Amino acid sequence: MHKTWLIIQREYLSRVKKKSFIILTLLVPLIIAAFIGIQIFLVTGGNKETQHIAVIDESGMFSGKLKDGQQLFFTFLGDKSPQTFVTQYEKTGYNGLLVIPRFDLNNPDGFVYYSKHQLGLGPYAYITGRLNNVIEDQRMIAAGIDKEKLAGVKADVSLLQPGAGASGQSKDNTGYATYASTAVGYICGFFIYFILLIYGTQVMRGVAEEKTNRIAEVLVSSVKPFQMMIGKVVGIAGVGLTQFLIWIFLGLMVFFALGSLAPSLAHQAGNLQQMQQMGSAGNARIAEAMSKVQDVILLLPVTEIILCFLFYFLGGYLLYAALFAAVGSAVDQDMTESQALTLPITMPLVISFLIMFNAIQQPNSPLAVFCSIFPVSSPLVMMARIPFGVPWWQLALSILLLIVGILLTIWIAGKIYRTGILMYGKKVTLKELGRWAFRKE
Amino acid sequence: MAKNILSVRHLKKYFEAHKAVDDISFDISKGNIFGLLGPNGAGKTTLLRMITGIFYPDEGEILFNGAPFIATKDISRIGYMPEERGLYKKMKIGEQILYLAQLRGMSYTEARQKALFWVKKFELYSWWNKKVGDLSKGMQQKVQFISTILHEPHLLILDEPFSGLDPINTNIIKEEIFDLAKKGTTIIFSTHRMEQVEEICRNIVLVNKGRKILDGPIDQIKQDFKKHEFSVTLAEIPEEIPGRETGSFLIEKVQGQTLIIKLKEGKSNNEVLQYFMQKGYTIHNFREILPSINEVFIECVEATSREDESQFIQQAVA
């Protein structure tokens, strides 16, 4: 036991003390923050391509009715003739020329857009949308329908979901919980998927290194192969856990920091409203969104999510890391040959990943329920379901089966490892691994 | 206390298709430097792995200090240095030595104290905080050697300890081996470098294709394999030619003043001396040519290969 502890310590410290670990641990949140920042920047419009479009309306139906968009500006040129202006619009500073012919209201046709550049999807949809709106309005007038009455008919329903996984929903945030659950489910599933792959391969590489450097031979004369394997798997688990606790801690700090900042932002926005309407309105919006996000996240079973995340992260890791260790022990010299051997491990992982997407759409479909209980896929799929609320018996069964699965794979992997770690000069096939695993003593 | 620190009895280890170790027995007495010889693939490493508890033998038994060998208990008394170096490239030298020592059951403080002693002795002290990967091969070898002997094993097993070492470092390690033997450590020295065997070992076991083909004290083996050849150096260049036969010997070679002769069966050395004295030569030097272990090795290995071949042919014919 003491020796296993020594191995765990070495595996843990040798990785945590590495510069690359420290850099990665600090860099990943920064990258994520930068990623989100760029998203916000793009959405709030730091990146605008304004287009000025000349419109020649021969039908006379649209004048003053085409609303300018945020980046699209229409200018009506009543007196120009399309044939001559086609050659001139560019020189007069327009990006394009929209020509609306005289047309039949029941069969609108013949609209032409002249430009050197093809329209992007956004502007295209915007322009056709505007045109459609105007035509629809005209048709309504023609049909004698009152527009205001029509607006009164439109409904806006949201569902209250009392008793569902997320508890205590207030009327205000109805509906957001579903989005939040989806987002949290995705994030957890993604993280577990990448952790399993990244740390699993780390285990595999570590084992293969010990084997090719003949360290295994020196160690095996002092400790049991099983102790070596467990030491490595647990040590690297510690590394992953450390990294995640740091990330969770940083995440919570940012979350609460923004939370305490939000009211003051809103306050500031209120004070400055008269002076700088445009800028502070943005601040107010952000502050509002922020407190909304906080409210919604607090609707989710946060403690349950964090606890389950840690369990499924560790459980999934132990299950897969043991298998990766077994493969690492079978590799000889050349790491590339490990690929054929890792396929049976990565395949279930990738398939679980795909099922996870499905489970987020339909958290209680039979497939999702089964896969969230079955040990090989449960770490990913269950994590995706938890924000939506999972019956306790399913969760209990899933946890129990995962523990059984872990013990089983560690037992099998241990047998493969013991044979593989000292086997040199031989290319190992999957069939052979199977034989090692089920060989009697 | 038993006289032999290690006894191996009818040891067998078969891998799927081939017999890696096939019925090998030998004894190693305490404080001996014992050579385990054999060509590549002879089964040396498999044998050593059974002695170090890495493999279980399929059959046979290993006695350590007279009692059946129990890996978990006895392993702390054994130091094993495998042929290919087993060190973490990215670990610092000091950490590495201390880590391995603790895995072998030493306390941290004891390990540190002894590690510092050896590191200073091998002039590695300034490298204590350097990574193993930054060291030359010779220095890595010394680190490996230190970590093998740090826990003061009673039985030290060295698999090709000098491969990749320059003459100076070879000598440093060699001196340590002699020193340890003097202090009572038994050493098993596995190699296919014969000149080192003659220099270092007192006893050898020669294995080939999983079988023991020879064992015993080196001096004895040389006697057993001698071909009754003598070298005679005379004061002047003799008028003898190769191929001439006398009543008691055959002249095989003439190199200047030195003749190589082969004694006929049943004849004594004195008859040779008499022959030259009668002819009036002054004899400067007269000595028996003993075979080198290298020659013995080649002869034995070739003999067993021939045996196998003829067996194979017989089987094929049958």
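Before anything else, a note on pairing: I call two strands paired if DSSP finds at least two bridges between them. Strands (E, at least two residues) and helices (H or I, at least four) are DSSP runs, numbered from the N terminus.

**Ground rules**

I am working on a predicted model, where local features need pLDDT of at least 70 and side-chain atom pairs count only at pLDDT 80 or more, while totals for chains, interfaces and linings use all residues. Residues are numbered from 1 along each chain as its sequence is written, and chains are lettered from A and ligands numbered from 1 in the order in which they are written.

**Entry 1: the four-stranded sheet with β11(B)**

I began with strand β11 (residues 229–234) of chain B, which runs antiparallel to strand β13 (residues 258–263) of chain B and is joined to β13 by five bridges. Looking up one pair, I found Thr233(B) bridged to Thr258(B) in β13(B). The whole sheet is open, antiparallel and ordered β12-β13-β11-β14 (chain B). β12 (249–255) and β14 (283–289) of chain B each have a single partner strand, so one side of each lacks a neighbour in the sheet. On average, neighbouring strands here are turned by 20° against each other, direction ignored; the axes behind such angles are lines fitted to C-alpha atoms, for helices over the stretch in contact, and angles run from 0 to 180 degrees between N-to-C directions.

**Entry 2: the sheet with β1(B)**

Next I looked at another open sheet of four strands, with antiparallel pairing and the order β2-β1-β4-β5 (chain B). Its edge strands, β2 (19–29) and β5 (67–68) of chain B, pair on one side only.

Strand β1 (residues 4–14) of chain B pairs with β2(B) over eight bridges, in the antiparallel sense. Four residues link β1(B) to β2(B) in a hairpin, and Val8(B) stands opposite Phe26(B) in β2(B). β1(B) also runs antiparallel to strand β4 (residues 59–64) of chain B, with five bridges joining them. There I noted Lys12(B), whose bridge partner in β4(B) is Glu59(B).

**Entry 3: β9(B) and its two partners**

How many residues of strand β9 (residues 203–208) of chain B are buried? I counted a residue as buried if 20 or more other C-beta atoms lie within 10 Å of its own, exposed if 12 or fewer, and partly exposed in between, with C-beta atoms placed from the backbone. By that rule six of the six residues in β9(B) are buried. Asn203(B), Val205(B) and Val207(B) lie on one side, with Ile204(B), Leu206(B) and Asn208(B) on the other, and both faces are covered.

Strand β3 (residues 33–37) of chain B runs parallel to β9(B) and is joined to β9(B) by four bridges. Strand β10 (residues 211–217) of chain B pairs with β9(B) in the antiparallel sense over six bridges, and here the partner of Ile204(B) is Gly216(B). β9(B) and β10(B) make a hairpin with two residues between them, and Lys209(B) in the turn has a positive phi of about 50°.

**Entry 4: helix α5(B)**

I checked the length of helix α5 (residues 137–149) of chain B: its 13 residues should span 18 Å at 1.5 Å a residue, and the end C-alpha atoms are 19 Å apart, which agrees. The expected span is 1.5 Å times one less than the number of residues.

The buried residues of α5(B) include Val143(B), Phe145(B) and Ile146(B). What do the buried residues of α5(B) pack against? I found β6 (78–81), α3, α4 (108–121), β7 (155–159) and α6 (167–182) of chain B.

**Entry 5: domains and chain A**

Domain bounds come from an automatic or database domain assignment. Chain B has domain 1 (4–223) and domain 2 (227–289), with 44 Å between their centres, taken over C-alpha atoms. For chain A the assignment gives domain 1 (51–145) and domain 2 (172–238 + 301–437); 58 Å separate those centres, again over C-alpha atoms.

Chain A has 15 helices and four strands, and 30% of its 441 residues are buried.

**Entry 6: where the chains meet**

Contact here means that C-beta atoms, placed from the backbone, lie within 7 Å. I found 18 residues of chain B in contact with 15 residues of chain A. Helix α3 (residues 93–103) of chain B gives the largest share of the chain B side, four residues. By class, that side has ten nonpolar, four polar and four charged residues; Ala, Val, Leu, Ile, Met, Phe, Trp, Tyr, Cys and Pro count as nonpolar, Asp, Glu, Lys and Arg as charged, and the others, Gly among them, as polar.

Methods. Two residues are in contact if their C-beta atoms, placed from the backbone, lie within 7 Å.
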